[in-house]
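Work through the exercises below with the structure at hand. Try each task before reading its solution.

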Amino acid sequence: MVTVERKREAVGFLQAKEVSQRRSCQLIFLARSTCQYRIKRKPDEAFETQVKELAFAHPRYGYRRVHALLRRGGQRVNEKRVMRVWQKFGLQVPRLREKKKRRREPQLVMPQASRPNEVWTYDFMFDRDAAGRRLKLLTLMDEFTREGLAIRVGRSFKAAQVKEVLREVGAKHGYPQFLRSDNGAEFIAGHVKEFLVENQIKAAYIEPGSPWQNGKGESFNGKFRDECLRMEIFGNWREAAVVSERWRTFYNSARPHSSLGYQTPKEFKLEWDKRQRTLKAETMKILAIPMAQSWGS
């Protein structure tokens with residue numbers, strides 16, 4: 001997209017070649033009133049520096065998320081103001097090369113999360129350390145709150161290790177009703193299946209070659225790769241584990257999430273719990289009225 005400033009520069013170049021302003025504007029598709037207009041307000045250099053610092057600190061964020069960070073920091077700032085700074089300094093996030101989309105086949109009816117701790121999803125990701133050695137990462141998240149429940153890093157994972165991660169997280173949060181995953185060997189192993197049956201967890205396996213059936217998990221993994229793995233060079237798997245856990249904590253507690261109204265997953269969860277308590281209290285009041293009337297009669 002060519003900015004107005006660039007178009008003004010092009011008009012100035014043509015005028016230097018003895019082309020009239022009117023004709024130059026026609027050639028550049030720029031209104032003469034726009035060409036002649038000059039911004040009267042002085043640039044806020046401190047604000048521009050702050051926006052640039054946030055953009056450089058979070059190179060995969062767009063201006064909307066940076067605006068959310070500023071608002072969370074207590075600043076009353078308009079989103080368009082951030083956008084103007086974004087355009088002025090060319091801070092747009094470079095688009096990644098899109099993969100060729102596969103034709104989607106008819107989908108099975110999959111469970112959808114309607115409350116926290118109802119549907120979890122887990123998956124494996126792969127990366128390399130500085131020496132080119134393979135890293136295998138297990139991610140686990142809550143589909144309703146988008147909370148990252150665990151990220152574990154190693155050279156390899158066995159089914160018994162996957163089961164221990166589920167046991168550890170379940171001891172802290174309680175177990176879900178459904179656990180979504182692909183048909184990877186570690187997820188369909190007997191150790192894991194037995195653990196799910198013991199804890200009354202239903203396995204929700206997606207169809208082979210159908211990652212869109214696990215959209216929220218794919219989104220979480222994409223953000224993790226985009227904002228953490230691509231930004232770091234790990235010396236070994238232990239360093240990768242420390243950095244990944246730090247990112248998970250930031251994601252849950254400080255990173256505004258667009259699909260949650262720019263709340264963090266923890267804020268969204270607390271707000272949902274608060275609404276449920278209020279609804280329960282109001283319901284109890286409504287139920288108590290007929291009982292009080294019957295006693296009075």
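**Exercise 1.** Determine which handedness the β-α-β unit made by β4, helix α8 and β5 has.

Solution. Step 1: locate the elements, which are DSSP runs numbered from the N terminus (helices H or I, at least four residues; strands E, at least two). Strand β4 covers residues 178–181 and strand β5 residues 202–205, while helix α8 covers residues 190–198. Step 2: check the pairing, for which DSSP must find at least two bridges between two strands. Four bridges join β4 to β5, and the two strands run parallel. Within this pairing, R180 stands opposite A204 in β5. Step 3: apply the rule for handedness: a crossover is right-handed if, with the strands pointing away from the viewer, the path from the first strand over the helix to the second runs clockwise. The unit of β4, α8 and β5 is right-handed.

The model is predicted, so local features need pLDDT of at least 70 and side-chain atom pairs count only at pLDDT 80 or more, whereas totals for chains, interfaces and linings use all residues. Residues are numbered from 1 along each chain as its sequence is written, and side-chain values use heavy atoms, with hydrogens and water left out.

**Exercise 2.** Describe the strand partners of β1 and how they run.

Solution. Step 1: three bridges join β1 to β4, and these strands run parallel. V119 has F178 in β4 as its bridge partner. Step 2: nine bridges join β1 to β2, and these run antiparallel. Here D127 is partnered by L135 in β2. Step 3: β1 and β2 form a hairpin with five residues between them, and G132 in the turn has a positive phi of about 85°. Step 4: eight of the ten residues of β1 are buried, where buried means under 20% relative accessible area, exposed over 50% and partly exposed in between (1.4 Å probe, protein chains only).

**Exercise 3.** Classify the ring pairs Y175 with F195 and F224 with W247.

Solution. Step 1: rings of Phe, Tyr and Trp (its six-membered ring) pair if their centres lie within 6.5 Å; planes under 30 degrees apart count as stacked, over 60 as edge-to-face and the rest as tilted. By this rule there are ten aromatic pairs. Step 2: the ring centres of Y175 and F195 are 5.6 Å apart with planes at 80°, so this pair is edge-to-face. The pair links distant parts of the chain, 20 residues apart: Y175 lies in the loop between α7 (159–173) and β4, and F195 in helix α8. Y175 is partly exposed at 28% relative accessible area, whereas F195 is buried at 2%. Step 3: the ring centres of F224 and W247 are 5.1 Å apart with planes at 40°, so this pair is tilted. F224 is in helix α9 and W247 in helix α10 (residues 237–253), 23 residues apart. Both are buried, F224 at 0% relative accessibility and W247 at 8%. Step 4: ring pairs also link Y122, F124, F157 and F187 into a cluster.

**Exercise 4.** Which elements each supply at least two residues of the lining of the largest cavity?

Solution. Step 1: the lining includes T121, M141 and F220. Step 2: β1 (119–128), β2 (134–142) and α9 (215–227) each supply at least two of the lining residues.

How values were computed: On a 1 Å grid over the protein atoms alone, a cavity is a set of points where a 1.4 Å probe fits but cannot get out, and a pocket is an open set with protein on both sides within 12 Å along at least five of seven lines; lining residues have an atom within 4 Å of a point.
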